[in-house]
Amino acid sequence: MTPERRNLVEIKAKRLQMNELTFLEHFAPKFDIPVPEHLTADASRSEIREALLRWGGAIVKPDILAGKRGKGGFIWEVEDVREAMRKLKLAAAAEINGKIARTAYMVQCIPAVQEIYTAITYDSRFLSPSFTLSLEGGMDVEEIGEDRKKTLPIDVFKGLDAYQASGLLEELGCPGQYVSLLARTFVKFWDLFISTGMRMAEVNPWRVTPEGEVYACDFKGIFDDANYKYGDAEAVLPEYPEGRTEFEEEMAEWSAASHQGQAHVAELGGKKVLPILFGGGASTIIIETLEEYGGDPIFLSDFGGNPPYARMYGTAERCFRYKLKDASLLLILGGKANNTLIDVTFQAIADALRDYVACNGPIHMPVIVGRGGPRLVQGLLAMQRTLEELRLPYVIFGPDTPLTLVAEYAAKVASTLEDTR
Amino acid sequence: MRARTLADLLKKGDRVAVSNITGREASHVSIVSQAYCNNIVGGWALGHGGEMVRCSKGDDIPVFADCAGLMRQLPPERRPNKVIVYSPPPAVYGDVKETLNYGSDCVETIYIITEHVSVEVSAKIHNLARDAGIDVVGCNTLGVINTHDHVRVGAVGGEDPDETFVPGSATIISNSGNMVNTIASYLTTAGIGTSFGISTGKDTLILTPLAELLRLAQLDDNTRIVVLYVEPGGLYERQALALARAGEFTKPMVVYVAGRVAEKKSVSLGHAGAVVEGGGTSASAKAAEFDAYFGVEPFSMEMRYRGTEELPEGLRRGIRVRSLHDIPAAVQLVYRALHMDRDFAPRGEMKLNPWFANIGELGKKLPAVLVPAPGKIPEPFKTQFDRILQASLGFMPARRTMRNQSHASSNDGRVTRIYGRDVMDLMRNRSFAEALILYWTGEEPARPFEPRLVEMSLMAALTNGPGTLSAQAAKMSASAGNSPHTAMIATLATVGTDHGGNGREAVKYLADLFRPTPMNDPYDPNHGLDLRAMAMQTATAFKQAKDASKDAGVNYARIPCLGHPVFHDQDVNYDPRERAIWAYLESEGIYNIFLHFYHELAGALREVGVSRKVWAVNVDAAIASVWLGIAWPKLRQGRMTFERAADLAFLGFALGRAAGGAGEFLDHRDYGLPLDMRVPVEECKSLTPPVGGNHTRP
């Protein structure tokens with residue numbers, strides 16, 4: 001897994017992610033996947049002592065929605081109870097890349113004669129699920145050479161069968177005595193993946209003991225929230241203490257409340273431009289242009305998809321309530337819409353802005369607008385009138401001005417004002 | 001894939017069926033599509049069988065209860081070969097299966113517009129459709145447009161595809177639906193039109209991958225260049241470049257790769273599939289792969305491209321752009337390098353063109369380069385703006401608590417101001433009427449004659465003799481022994497819609513008539529309107545409404561401010577006070593379109609037989625015309641609310657008449673007897689007979 005991927009899923013998939021502890025507690029038993037024994041941080045001293053005696057040693061880990069736990073120095077091997085309890089406390093308080101641990105847990109040390117990497121994901125090359133396998137478990141999959149890992153497309157209706165899995169193991173040169181058990185275990189892994197509506201699942205590594213037993217020794221999964229099966233899994237997924245800001249949390253709930261129109265935001269931590277953007281593609285380009293020219297956008301947003309008035313008003317109202325006071329420039333920008341009605345969306349934004357001023361008093365910031373699409377003229381007039389009434393300085397562009405030029409202009413105005421301030 | 005060229009995805013003569021066609025978006029887009037290309041043969045929606053989607057242009061669209069019904073009931077020559085799915089996410093899989101079950105003998109392509117379809121369902125759809133030999137575009141595609149054939153499926157091109165999609169040589173393939181439109185619009189500035197515009201969708205699985213589309217574009221004779229908009233996620237571009245490297249795609253490409261922001265910050269991009277998963281799927285990795293294939297540096301406006309020998313060879317493969325707005329220039333570069341002609345003369349420019357700007361004081365803080373120069377609104381938008389502005393009057397103010405605030409006046413403990421002007425200065429240098437116009441409109445008089453007209457209006461309103469209701473009220477108050485201000489209150493209390501308040505109705509009436517016209521300056525006699533024709537038309541409509549109402553025995557809306565109880569027995573009647581205002585206007589060479597119109601209307605009403613004599617244009621009409629003349633430019637330019645404009649005429653009358661009431665009070669108080677306005681009992685008649693017994697007190 002690349003660092004980029006981890007960053008991306010953290011916000012988008014906070015509650016869509018299944019960490020190892022949830023896997024150990026709920027999903028591995030349900031799908032009969034062999035896992036090491038574990039204890040959570042609330043275990044008593046005697047339970048820990050007893051477990052360590054039985055296991056010989058344990059690994060202490062934080063349960064956190066962040067990757068690089070090992071590289072961050074938050075995974076420890078422990079052998080005695082005092083050290084285990086101390087490390088469990090440390091792990092439970094871990095903070096990695098701004099994320100805070102929910103709790104900590106320790107898992108039994110599993111001696112291994114063989115470590116194996118597996119992942120199941122939907123693969124753009126095959127337009128189907130695929131199963132990736134390597135006998136070099138424990139490593140980042142990107143670091144494993146192409147000749148030492150194999151990817152097999154899976155028929156989404158038939159699933160992964162043990163013969164396919166064993167064939168793949170044999171191709172990679174897996175010792176024969178482990179093939180059968182591993183292949184049957186991988187089928188359970190597939191069952192978990194497909195039965196819970198996952199988009200990606202990874203066990204890295206599976207450890208094969210000298211006795212020939214197999215254990216899933218670390219797990220990560222990402223659910224597909226568009227899959228109805230996820231609803232069943234969601235009930236047992238824990239809440240993590242850190243993560244979204246209050247604004248993101250409210251926007252996420254608002255976003256999930258309806259399929260009519262997008263209400264997607266992701267905070268960027270900027271301090272200059274408040275961008276009300278339309279279109280998944282356009283919003284990405286605009287944010288990149290803002291960043292390039294010093295616009296320091298507060299968040300990335302996508303409010304396209306032809307939202308009705310109430311939806312757009314609610315979205316804008318939330319953005320203004322949380323973020324307008326921090327901004328030095330309001331940017332309302334999108335490409336040439338295909339079906340988003342500009343009069344409806346702009347009237348809603350204008351009304352939200354007006355109501356914000358009514359509740360919070362006058363604001364003094366430039367507003368830069370750029371848009372094209374159905375009923376544009378009515379929309380721009382509605383916006384212009386409101387900006388006139390609110391006595392806000394403004395510049396309004398039509399679809400003949402490229403949106404990236406508008407974004408560049410907004411970024412430069414915001415930067416200049418910031419410098420002046 | 002089943003398709004062999006892009007035209008196999010969509011061409012003239014294709015017959016499209018729409019799932020969930022009665023949905024908000026599906027019905028709207030379908031109606032626009034019918035107007036553009038009339039290629040929809042039917043749709044289905046559960047519970048809506050037998051309905052019809054009415055189209056203003058093109059065929060109405062029959063709605064069937066389900067897919068099976070549509071396939072069975074449409075005649076063979078109307079059976080669809082394209083299906084577009086607009087169903088909500090949980091219904092998409094079912095709709096696709098229905099299509100395969102009942103339409104596998106005729107359907108060639110399924111377009112899935114729906115967003116939030118699960119990856120698992122997408123994979124299953126791919127699997128089933130592949131086995132059935134049917135192509136799937138999506139999920140979450142916006143659709144496809146074939147510009148040369150003037151046909152589309154989905155919403156590509158929005159409400160007016162012709163505005164953006166001009167036949168030409170570029171095929172746009174985009175992960176973002178919106179970018180198909182935007183890029184097509186940009187390309188016209190380079191004189192490049194579109195062959196196909198294709199929105200692939202950007203779910204995790206793109207069921208018609210880029211490599212397949214390039215394979216189809218290779219065989220499209222109209223396509224000479226492919227413009228790509230690419231987002232992170234998936235290895236679609238790597239597959240496509242492998243195809244190109246293998247010589248199976250040889251046309252140049254201009255590419256914009258979005259999504260670098262996701263690599264620097266922990267954000268998710270808007271599209272579900274725009275997620276980096278493994279090597280080669282990030283924006284940077286994709287950009288690097290394109291650059292390596294092209295063998296030329298990304299396009300730069302600053303770079304001089306002439307004289308580099310290896311450049312044309314690289315450009316034969318294409319070039320990547322760093323900014324979206326560089327696409328037209330990069331396409332032009334490729335065309336020049338390959339000696340290809342553009343499709344038509346460039347339309348418009350890639351530059352900042354503000355349509356509206358009002359940066360006020362902010363302009364002083366910005367360097368000159370950031371102060372927007374006034375732009376030009378291009379057609380057809382300019383005409384649309386003019387039309388809407390003509391049809392609308394005034395603005396809607398932002399509501400807020402006004403308890404301790406006022407725009408109209410201020411007092412800082414030293415100076416009292418009216419809309420920012422020092423009252424002392426006004427007292428020294430201006431007339432009462434000038435100050436009144438400022439206080440009531442928020443602006444100083446725009447024309448030098450306006451204060452005099454207001455003054456005349458106030459005088460005209462002072463009185464119409466002691467018998468008027470308002471004068472009687474003042475006299476009543478005096479007769480009761482009240483103090484002077486109560487007489488003014490009593491005067492105002494008798495001013496209403498039927499007495500004195502008709503000016504407000506006149507303003508509304510005139511505004512409705514002149515709102516849709518291009519008239520902006522009411523004092524300009526060269527307004528270009530045929531007032532006589534307007535008056536005749538209005539009078540004829542009024543007559544028809546009046547006759548119809550009388551036939552039906554119901555009331556009808558009167559024309560305000562025409563006719564007078566006193567001045568009515570001449571062939572052509574006049575209200576002398578209105579005449580005084582008219583005479584002033586004439587003597588000063590001032591024109592007022594509203595008053596002029598009133599006279600035309602009075603004549604027209606007789607002409608069409610509504611009246612036997614020419615009714616007097618009364619003083620309320622004159623007052624309304626004066627105040628509407630002052631307000632009209634402010635209404636047109638959105639600086640005054642319409643409610644205020646209507647109130648001005650009423651207030652103008654009320655202010656004059658309240659002063660008149662004071663005059664009646666003073667006279668009556670000086671000379672009258674207490675209770676002399678009382679009506680003696682014997683003059684009062686009871687209209688109700690006594691009921692039962694003796695009502696006389698013992």
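Predicted model: local features only at pLDDT ≥ 70, side-chain atom pairs only at ≥ 80, totals over all residues.
Me: Happy to start in chain A, then. Why is Asp343(A) called buried?
Reply: Its relative accessibility is 18%, and buried means under 20%. Asp343(A) therefore counts as buried. As for its place, Asp343(A) is in helix 11 (residues 342–360) of chain A.

Me: What makes the pairing of the Asp343(A) and Arg375(A) side chains a polar contact?
Reply: The distance given is 2.7 Å, and the limit for a pair of N or O atoms is within 3.5 Å. Leaving aside neighbours within four places in sequence, Asp343(A) is in contact with Pro374(A), Arg375(A), Gln378(A) and Gly379(A).

Me: Over to chain B. How do you know what its radius of gyration says against a compact globule?
Reply: Set the two values side by side: a compact globule of 698 residues would have a radius of gyration near 26 Å, but chain B has 37 Å. Along the principal axes, the C-alpha atoms of chain B fill a box of roughly 115 × 70 × 55 Å. Chain B holds 26 helices and 18 strands, and 55% of its 698 residues count as buried.

Me: Now some rings. Why is the aromatic pair count what it is, and how many are there over all chains?
Reply: Ring centres have to lie within 6.5 Å, so that rule decides which rings pair. The count comes to 25 aromatic pairs over all chains. One of them joins Tyr293(B) and Phe294(B), at 5.5 Å centre to centre with 55° between the planes.

Me: What makes the Tyr293(B) and Phe294(B) pair tilted?
Reply: Planes under 30 degrees apart count as stacked and over 60 as edge-to-face, so the rest are tilted. With 55° between the planes, this pair is tilted. Tyr293(B) is buried at 8% relative accessibility, and Phe294(B) is buried with a relative accessible area of 0%.

Me: And why is the pair of Phe514(B) and Phe594(B) called edge-to-face?
Reply: The planes make 90°, and over 60 counts as edge-to-face, so the label follows. The centres are 5.3 Å apart. This pair links distant parts of the chain, with Phe514(B) in helix 21 (residues 502–514) of chain B and Phe594(B) in helix 24 (residues 593–607) of chain B, 80 residues apart. Phe514(B) and Phe594(B) are both buried.

Methods. Residues numbered from 1 in each chain as written. Chains lettered and ligands numbered in written order. Heavy atoms only, no water. Helix = DSSP H or I, 4+ residues; strand = E, 2+ residues; numbered from the N terminus. Buried < 20%, exposed > 50% of the residue type's maximum accessible area, 1.4 Å probe, protein only. Polar contact = N/O pair within 3.5 Å; in protein donor to acceptor, adjacent residues only side chain to side chain. Contact = heavy atoms within 4.5 Å. Rg over C-alpha atoms; globule rule 2.2 N^0.38 Å. Phe/Tyr/Trp six-rings, centres within 6.5 Å; stacked < 30°, edge-to-face > 60°.
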